[in-house]
Amino acid sequence: MNAASSTHAVGRKTAIVVGGSLGGLFAANMLSRDGWKVEVFERTPEALAGRGAGIVTHPELFEALAAAGIAVDDGIGVQVDARVTLSRDGTVLSERQLPQTLTAWGKMYEVLRRGYTGSYRSGAVVARVDSDAAQATVTLQDGTRHHADMVIAADGFRSCVRAQLLPDVDLQYAGYIAWRGLVDESRLSPRTHADIFGKFAFCLPPREQILGYPVAGDANSIVPGQRRYNFVWYRATREEDQLPDLLTDAGGKYWAHGIPPGLIRRDVLDEMEDAATALLAPQFAEVVTRTPQPLFQPIFDLAVPRMAFGRVALLGDAAFVARPHCGMGVTKAAGDAMALAQALRGTPSIADALQAYEATRVPIGHAIVEHARHLGAYMQAQLKSDTDRAMAERYRTPEAVMRETAISRRF
């Protein structure tokens, strides 16, 4: 048995953050700023900086960045002024003015990682977490044990900590997937670039929904000509047969937790590109077919009844997974981190502070998940009856979709 190690420091509270993505880094930055000694354990052995796609920003996200001590400027993302919905033939169905900043996962990771100067361990796979009256303990797969005053589980939608603490709470498949991808603006034709690159764009063919917007490019550049266009394409997909087929690679291996983009079969990609050409506005068909490495993610719902377990707290997607229609994933995690830091400032008892945090954030998490379900009801209806589909169609006008998708709301 390996000897136990400890992050305890005399006169200084200590925390271990399980998960080194955006939610974990928000928490790590805020706690460090409040004088905590923080250690981050990230299970992925390689750097995370190149991962992810587009992120819609909200005022609450900028508030959280300020609370984390992160200074931002216009370089944080790409500005758009309008939203537009295209018809199947590529003409404009509807347009509305709505200024917004669109950023990329890599850019957010860069600024948060640069702001955090504490310990960050890659390849640290957590086996279990324990909590008692005196301390919290993280046991890694290598057998080492690490003690702290508090543990924050920010290890994502397939959280191993949540699975341990709430074994009966599981992800619920929503009945559809989202194809995603990034294409360099230099790869787009002049017409497509002029029509959609400077806008938050939508296309709503029957039984489908796609949206797209510009984000930073390679090395997080927002210089014109070096940016990218990010798309998200929702497609109804049966759980019993179609989804397992998509998650099976050319060698016959089934990737239940998500197939790596490079292992998606060529015939799956060909079918997807053919569907884009047949169903989408030509501008979006071009974006999809010129994307070098599309990927897809099954869409899930998840809501927990609790977020505090003694000296252990759940944060971000480890607690609540909302469908991406509301564009609140990163903002929700940032809001959790802000509420957690505030609760810890208000009482010397960590367990009491985490209970206060839970009381604040559980209702908000449920409200965000329900709002996202409402926005995704149309796609979920596509695998149901003709009546259900007809009812869903009545509420899916271009104006409604542009008005509600990825819009800031105070929950």
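How many bridges join β14 and strand β15 (residues 228–236), and in which sense do they pair? The two strands pair in the antiparallel sense over 8 bridges, where two strands are said to pair if DSSP finds at least two bridges between them. This is a predicted model, in which local features need pLDDT of at least 70, side-chain atom pairs count only at pLDDT 80 or more, and totals for chains, interfaces and linings use all residues. Residues are numbered from 1 along each chain as its sequence is written, and side-chain values use heavy atoms, with hydrogens and water left out. Helices (H or I, at least four residues) and strands (E, at least two) are DSSP runs, numbered from the N terminus.

**The sheet**

- Strands of a sheet pair through backbone hydrogen bonds, either parallel or antiparallel.
- Strand β16 (residues 295–303) runs antiparallel to β19 and is joined to it by 2 bridges, with A303 standing opposite F320 in β19.

- On the β15 side, G212 stands opposite F231.
- Strand β13 (residues 200–203) pairs with β14 in the antiparallel sense over 3 bridges, and C203 stands opposite I210 in β14.
- β13 and β14 form a hairpin with 4 residues between them, and R207 in the turn has a positive phi of about 70 degrees.

**Helices α7 and α8**

- Helix α7 (residues 266–279) and helix α8 (residues 282–289) pack at an angle of about 165 degrees, with their axes 8 Å apart; axes are lines fitted to C-alpha atoms, for helices over the stretch in contact, and angles run from 0 to 180 degrees between N-to-C directions.
- That angle makes α7 roughly antiparallel to α8, because angles under 35 degrees count as roughly parallel, over 145 as roughly antiparallel, 65 to 115 as roughly perpendicular and the rest as oblique.
- The residues that meet are M272, E273, A276 and T277 in α7 and A285, V288 and T289 in α8.
- By class, this contact of α7 with α8 has 4 nonpolar, 2 polar and 1 charged residues, where Ala, Val, Leu, Ile, Met, Phe, Trp, Tyr, Cys and Pro count as nonpolar, Asp, Glu, Lys and Arg as charged, and the others, Gly among them, as polar.

**Helices α1 and α3**

- α1 and α3 pack at an angle of about 25 degrees, with their axes 9 Å apart, which makes α1 roughly parallel to α3.
- L22, L25, F26 and N29 of α1 make the contact with W105, M108, Y109, L112, R113 and G115 of α3.
- In helix α3 (residues 105–115) the buried residues are W105, G106, K107, M108, Y109, V111 and L112, and what covers them includes α1 (22–33), β4 (54–56), α2 (59–67), β6 (92–104) and β7 (119–122).

Methods. Buried means under 20% relative accessible area, exposed over 50%, partly exposed in between (1.4 Å probe, protein chains only). Contact means heavy atoms within 4.5 Å.
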